[in-house]
Amino acid sequence: WIELKANDTAPKVGQTVNVVMIGYAGEKDIVGYDVLLSIDPLVWEIVDVKSEIPDFIIEYFDKESYVSITGIKDIRNQSPLVLSGTPFLSVVLKPKISGALPVSVLKQQGPETTKFVDNNVEVVAPQIGSITVNVAP
């Protein structure tokens, strides 16, 4: 599954908050992933998207109502990666408004899905999580 945690659960409007994704994928050696993150562009500004794991290349695409994030392990790194409560991705967000603001991982959006891919190119469909960040004015 994918769990979300924020480094600051009570930021103010305009202050950044780092949302870390923590992965659980059994004993699979993960070599890539796709994460669909539900982000309301009227509520959040994306400041940065970065890997929490060395040797993962991150690409992200703003799809207006969500962000599609792909992480791919550098093929030169042959060390296995087992996600067992492992932080694997962080997204730095800046709130535009105050209130209880949700950030959640989407299971599917159109043909895209949130998934982990292992070294045998088998897809692992994780359970998804969400978080609410209480933003002060």
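1. Val-47 sits in strand β4, residues 44–51; strands here are DSSP runs of E with at least two residues, helices are runs of H or I with at least four, and both are numbered from the N terminus. Not counting residues up to four places away in sequence, Val-47 touches Thr-16, Val-92, Leu-93 and Lys-94, where contact means heavy atoms within 4.5 Å. Val-47 and Asn-18 are 29 residues apart in sequence, and 9.5 Å separates their C-alpha atoms in space.

2. Before you go on, a word on what you are looking at. This is a predicted model, in which local features need pLDDT of at least 70 and side-chain atom pairs count only at pLDDT 80 or more, while totals for chains, interfaces and linings use all residues. Residues are numbered from 1 along each chain as its sequence is written, and side-chain values use heavy atoms, leaving out hydrogens and water.

3. Now the overall picture. The protein chain has 13 strands and 0 helices. Its C-alpha atoms fill a box of roughly 45 × 30 × 25 Å along the principal axes. Of the 137 residues, 45% count as buried. Look at the contacts with a separation of 6 or more: 75% of them come from residues 24 or more positions apart.

4. Which strands pair with β3? Look at β11, β6 and β8. Two strands pair if DSSP finds at least two bridges between them. β3 runs antiparallel to β6 (residues 66–73), with 7 bridges joining them, and Val-35 stands opposite Ile-69 there. With β11 the pairing is antiparallel over 4 bridges; Ile-30 faces Asp-118 in that strand. The pairing with β8 (residues 99–106) is antiparallel too, over 3 bridges, and Leu-37 stands opposite Val-105. β3 itself (residues 30–38) is mostly covered, with 7 of its 9 residues buried.

5. Is Thr-114 buried or exposed? Thr-114 is buried, at a relative accessible area of 5%. You'll find Thr-114 in the loop between β10 (112–113) and β11 (115–118). A polar atom of the Thr-114 side chain lies 3.0 Å from the backbone nitrogen of Leu-36.

6. Next, Phe-61 in strand β5, residues 56–62. Phe-61 counts as partly exposed, at 42% relative accessibility. Beyond residues up to four places away in sequence, Phe-61 touches Tyr-66, Val-67 and Ser-68. Phe-61 and Leu-36 are 25 residues apart in sequence and 9.7 Å apart in space, C-alpha to C-alpha.

7. Finally, the core. The largest nonpolar core has 34 residues, and Trp-44 and Phe-88 have the most contacts inside it. A nonpolar core is a set of buried Ala, Val, Leu, Ile, Met, Phe, Trp, Tyr and Cys residues joined through side-chain atoms within 4.5 Å. In soluble globular proteins, nonpolar side chains tend to be buried together. Leaving aside neighbours within four places in sequence, Trp-44 is in contact with residues including Val-17, Ile-39, Leu-101, Pro-102 and Val-135.

How values were computed
Buried < 20%, exposed > 50% of the residue type's maximum accessible area, 1.4 Å probe, protein only. Polar contact = N/O pair within 3.5 Å; in protein donor to acceptor, adjacent residues only side chain to side chain.
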